[in-house]
Amino acid sequence: MNSPNRLRNKAAARPSSGRLRVGFTMLEAVAATAVTAMALATIMPLFARQLRLVGETRRERLALEELANQAERLAAVSSTNHDAAVAAVDLSPELRDLLPGARLTAARAGASPLGEAVVLSLGWDAPGRHERPLSLATWLPPLAAPEEAR
């Protein structure tokens, strides 16, 4: 039933002590380590880039929330204080700590049927953010018409 070739192959796999070898050779272990190291060297820069993108996305989200908060503050101001409210626009202390070198500006963009347009811009120390700050436009409610004398 057992062919002579088969018996020879089993005998060749046994060391001189007569036992079967179990385990890895040093060459196999070095090759596996090298393959694992190459895979990690390829993947680690991707993880680092992902972490930078997550951080930048978080900062942009915080900046947009700050712009929306400032727009709501401007819209809630009475119509007699628009000039003072636009001039008093400033960053919240929390955001000043989270965005290095942050600058918030408010510029009037003219009147429209919706009211007076104001563009809020927020830039900070990040590549491209000073040249292209995040912007949000809002409209101040129109000035109340003075009541006519009776």
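## Buried positions of helix α2

Gly55, Glu56, Leu62, Ala63, Glu66, Leu67, Gln70, Ala71 and Leu74 are the buried residues of α2. The model in which they lie is a predicted one.

Helix α2 spans residues 26-76, a run of 51 residues. From its first C-alpha to its last it reaches 74 Å, close to the 75 Å expected at 1.5 Å a residue.

## Overall architecture

The protein chain contains four helices and three strands. Read from the N terminus, the order of these elements is α-α-α-α-β-β-β.

Of the 150 residues in the protein chain, 21% count as buried. The chain exposes about 11,500 Å², and carbon and sulfur atoms supply 61% of that area. Among contacts with a separation of 6 or more, 49% are between residues 24 or more positions apart.

The three strands form an open sheet in the order β1-β2-β3, with antiparallel pairing. Strands β1 and β3 lie at the edges, each pairing on one side only. Neighbouring strands of the sheet are turned against each other by 20 degrees on average, direction ignored.

Strands β1 and β2 run antiparallel and are joined by nine bridges. Leu104 stands opposite Leu122, a residue of β2. Helix α2 packs on this sheet and touches β1, β2 and β3. The direction of α2 makes about 15 degrees with that of β3.

## The nonpolar core

The largest nonpolar core comprises 20 residues, and those with the most contacts inside it are Leu74, Leu99, Leu120, Leu122 and Trp124. At least two residues of this core come from each of α2, α3, β2 and β3. Helix α2 gives the most, with five residues.

Leu74 illustrates how the parts of the chain meet. Leaving aside residues up to four places away in sequence, Leu74 touches Ala85, Val86, Val89, Val118, Leu120, Thr138 and Leu140. Leu74 is itself one of the buried residues of α2, and Leu120, one of its contacts, is likewise listed among the core residues with the most contacts.

Conventions
Residues numbered from 1 in each chain as written. Predicted model: local features only at pLDDT ≥ 70, side-chain atom pairs only at ≥ 80, totals over all residues. Heavy atoms only, no water. Expected span 1.5 Å × (residues − 1). Buried < 20%, exposed > 50% of the residue type's maximum accessible area, 1.4 Å probe, protein only. Contact = heavy atoms within 4.5 Å. Areas by Shrake-Rupley, 256 points an atom, 1.4 Å probe, with all protein chains shown as cover. Core = buried A, V, L, I, M, F, W, Y, C linked by side-chain atoms within 4.5 Å. Pairing = 2+ DSSP bridges. Axes fitted to C-alpha atoms, helices over the stretch in contact; angles between N-to-C directions.
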